[in-house]
Amino acid sequence: MTPQKSLPSMFLLGNEAIARGVIEAGCTVAAAYPGTPSSEVLESLVKWKKSLHHPIYLEWSVNEKVAFETAYGASLAGSRSMVAMKMVGLNVASDSVLSAAYLGVRGGLVIVVADDPGPHSSQTEQDSRFFAWFAKLPVLDPCNPQEAKEMAKLAFDLSERYEAPVILRPCLRVCHARQNVPLGNPQPVADAGQFKKNWQRWAAIPKFRLALHEELNQKLAKMRLTEPFAQPEQAAGDGHAALAIITSGSVSSHVRDLVRTDPTAYPVDVYRVRMPFPAHGEALQNIVDAHAKTLVIEETYPVLELHLKDRRKVMGRLTGDVPEQGELTPEIVHHLVAKALGADSGEKTAPEIKARRPSLCPGCPHRSAFFLIKKVFQKAIYTGDIGCYTLGINMGAVDTCLCMGASIGMAGGFVHSPLQRENSTVVATIGDSTFFHAGVPALINAVHTKAPFVLVIMDNGTTAMTGGQPTPAHQELADGSPGVAVNIEQVVRGCGVEFCEVGDPYDYAGFESLLTDAKDYTYGKRKGVSVIIARRPCVQYARVAPSEDKFVVGDECDRCMTCIRDLECPAISFIKPEKKIFINWDLCNSCGFCFQMCPSHAIKKVAVHD
Amino acid sequence: MTELILCGRGGQGIVFLTRQLGQILTDLGRDVISSETHGMAVRGGSINSHLRIGPFLSPLIPFGNADFLISLDQGETGNNIHFLKPNGVVVENSVMAGEPGFKRIDASGIARSLGSVRLENVVILGYSSTLPGFPLSPAEIRSHLEKEPRERIRVQNLAAFDAGVQASSESS
């Protein structure tokens, strides 16, 4: 054996630590679709692959379902494989995931699903531990980045020993925490051997599914009863306190930090569960029986609580003692523990926060596209989608936001509803990455049903909201190796769309004229859905230098407030005492759209020399 | 044990500062854990980072525990002041004069004079590092910034850092 090098510690994001664990476990295929708070897992795998010259194959898949299937196929081929997504991505992948639970795996398969209690950046507060229960898959719940890395390795081992996919569920406070994490040496790449054909298992028809279901139940029972980490771990106290706390995941870290600040003030026994499903219900019940009272603190659903058969001495979500929604912050945890002890927490509430709302960046091409959409389609219904451009709500240019791809499907429903309305004009907006992800089937549906709405694909050439990951329209794959660029207009035309035009949203007159043509096609000539691709690179991730133009507001300004109210550019503000519009050059990205848009031509371009 | 809150608007480089401090502390063998804001808020919204040095398991600082509040945007100070200890110190990016408990530096102005307002985060880092009780010394931070391989960024950051340190000696 070659001697193992001792490696330094690094200050790693939870997601980077998970990626490091994946590499250390000898994983050779990883796929993901970006989504906060999960995106950095695959991004850091790209970095580890390069710095360690590791052979791992990496891809940003078109969506989470395809990402899971890629990882699943690779597992059958013998590779240890990983797929990463946010929790709502698991909804997209669920069809494949639930079926795979029955069939099982060959190479270890780990599904990293990042949850977002709060929610800070998501549509729901769903609990992937609960999903794991529903899918009958084991789930590990790390408490911080250091543990997340170790659990990633453990998850591969567990997956291979039981031939089942394993979910690793970090919450946002693990994903986006950073910690000093000791690095380990990567294991040699794992190989579960060549795929052996066996249709009764890998293509199982319903007759065989029954047996596979029974096999899965047996795996779960064995795991629950024999795996050491299925047992609750005593994390504080000596077992003799009147109050027990059962906890799991990142919120368990708030609990343990609180209890450690003053053990005499918090005389409690803390039990931490590392694998919340399959949970060891009997062991948890023994804890409850041995204490006068038990408080269950977990995020975000009562998973452990529901595993307790006798809940008469239990306080949790089911009893209304723990809030049913929202993140359990250190303050809420403090309050819950103090209340359970009959003490006063001196309940600390946050002062009224005047949080600055997020806004499309200065120079964002979505802003100019939205401005012109609103101008051409006044009083239309604007169905929106998931991405930076959801922020079109600030401009009154987004009326609905459901989930990935829903702008197009919902637009169809709006226009097909037979109820008469004064204005039945509908404009759907969707980003390029979201269009590939879930918009394509909806567009085919719209063409087929001759749905009269206008679709604007906001093509900024990247997945901007989550940090600028590549889309299928890129030549380069996740790790920079060459791929094949998929052309959006070809996809649109391939869906059967006749009216498909590409325009630059910075070009005021040109883009307005395209929108007018689309309006005429869909509503004048009544020919069905029309598509405009608003193409202009993202100002954050474009590889082109912005223009050097600077703009000022001249005396012609009649304070019509169009630039403030309708354009909503963060670089433009109204200075109240002076009653003047001011352009902040620190923020301005020199897009020049305000210069074209100003109704009184008061915004002027000025020459700036160093 | 030292705990810091860093706050500002999305795009001001709060995450960069948190990462630099955490990596230097990690290199020194210290236990450090932090929490960052990602997602939609980074599009100009309110941003804060928590940085906790010591044997903590949770990345979040409970209210009333932070030793320092470093604010790159005066408008965000009030949104985070409840994290500060009663005798904690606010370091604020502002043109106003300091007062007891509030250290102020015109980090944006200094950064602009160095060629880019984007350097304001490194200027305030330089200034903060000179304050009593700050967990790292100017020399410890500077030697880390010297390791940046991209020359243009290294030179800019070092100039901004030194300007922040310099501003502190001028104000005291």
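Two residues are in contact if their C-beta atoms, placed from the backbone, lie within 7 Å. Keep that in mind for helix 18 of chain A, whose buried residues pack against helix 14 (365-376), strand 16 (454-459), strand 17 (499-503) and strand 18 (530-535) of chain A. This is a predicted model.

**Domains of chain A**

- The domain assignment divides chain A into domain 1 (9-226), domain 2 (231-340), domain 3 (365-535) and domain 4 (550-606).
- Taken over C-alpha atoms, the centres of domain 2 and domain 3 of chain A are separated by 47 Å.

**Helix 18 of chain A**

- Helix 18 of chain A covers residues 508-524, which makes 17 residues.
- From its first C-alpha to its last, helix 18 of chain A reaches 22 Å, close to the 24 Å expected at 1.5 Å a residue.
- Which residues of helix 18 of chain A are buried? They are Phe511(A), Leu514(A), Leu515(A), Ala518(A), Tyr521(A) and Thr522(A).
- Looking down the axis of helix 18 of chain A, you would find its buried residues within an arc of 120 degrees, so they line one face of the helix.
- Ala509(A) and Gly524(A) are exposed on the other side of helix 18 of chain A.
- Just after helix 18 of chain A comes Arg526(A), with a positive phi of about 55 degrees.

**Helix 15 of chain A**

- In helix 15 (residues 406-416) of chain A, 9 of the 11 residues are buried, so this helix is largely enclosed by the rest of the structure.
- The buried residues of helix 15 of chain A are Ala406(A), Ser407(A), Ile408(A), Gly409(A), Met410(A), Ala411(A), Gly412(A), Phe414(A) and Val415(A).
- Among the elements covering the buried residues of helix 15 of chain A are strand 14 (381-383), strand 15 (426-431), helix 16 (432-448) and strand 16 of chain A.

**A five-stranded sheet in chain A**

- In chain A, 5 strands form an open sheet with mixed pairing, in the order 9-11-10-12-13.
- Strand 9 (233-236) and strand 13 (314-315) of chain A are at the edges with a single partner strand each, so one side of each has no neighbour in the sheet.
- Strand 12 (residues 293-297) and strand 13 of chain A pair in the parallel sense over 2 bridges, and Leu295(A) stands opposite Met315(A) in strand 13 of chain A.
- Helix 11 (residues 281-290) of chain A lies across strand 10 (243-248), strand 11 (268-273), strand 12 and strand 13 of chain A. Helix 11 of chain A runs at about 155 degrees to strand 10 of chain A.

**A sheet with strands from both chains**

- Another open sheet has 8 strands in the order 1(A)-8(A)-2(B)-3(B)-1(B)-4(B)-5(B)-6(B), again with mixed pairing.
- At its edges stand strand 1 (9-13) of chain A and strand 6 (102-105) of chain B, each with a single partner strand, so one side of each is left without a neighbour in the sheet.
- From one strand to the next, the twist averages 20 degrees.
- Strand 4 (residues 66-71) and strand 5 (residues 84-93) of chain B pair in the parallel sense over 5 bridges, with Phe68(B) opposite Val89(B) in strand 5 of chain B.
- Helix 1 (residues 14-27) of chain B lies across strands of both chains, including strand 1 of chain A and strand 3 (46-53) of chain B. Helix 1 of chain B runs at about 10 degrees to strand 3 of chain B.

**A hairpin in chain A**

- Strand 20 (residues 572-575) and strand 21 (residues 580-583) of chain A run antiparallel and are joined by 4 bridges.
- Ser573(A) has Phe582(A) in strand 21 of chain A as its bridge partner.
- This hairpin has 4 residues between the strands, and Lys579(A) takes a positive phi near 50 degrees.

- Where does Met275(A) lie? Met275(A) is in the loop between strand 11 and helix 11 of chain A.
- Met275(A) is buried, with 27 other C-beta atoms within 10 Å.
- Leaving aside neighbours within four places in sequence, the contacts of Met275(A) include Pro138(A), Leu140(A) and Phe229(A).
- Leu140(A) lies in strand 6 (residues 139-140) of chain A and is buried, with 27 other C-beta atoms within 10 Å.
- Not counting residues up to four places away in sequence, Leu140(A) touches several residues, among them Met151(A), Val166(A), Arg274(A) and Met275(A).

Methods:
Residues are numbered from 1 along each chain as its sequence is written. Chains are lettered from A and ligands numbered from 1 in the order in which they are written. This is a predicted model: local features need pLDDT of at least 70, side-chain atom pairs count only at pLDDT 80 or more; totals for chains, interfaces and linings use all residues. Two strands pair if DSSP finds at least two bridges between them. The expected span of a helix is 1.5 Å times one less than its number of residues. A residue is buried if 20 or more other C-beta atoms lie within 10 Å of its own, exposed if 12 or fewer, and partly exposed in between; C-beta atoms are placed from the backbone. The arc is that of the directions from the helix axis to the C-beta atoms. Domain bounds come from an automatic or database domain assignment. Axes are lines fitted to C-alpha atoms, for helices over the stretch in contact, and angles run from 0 to 180 degrees between N-to-C directions.
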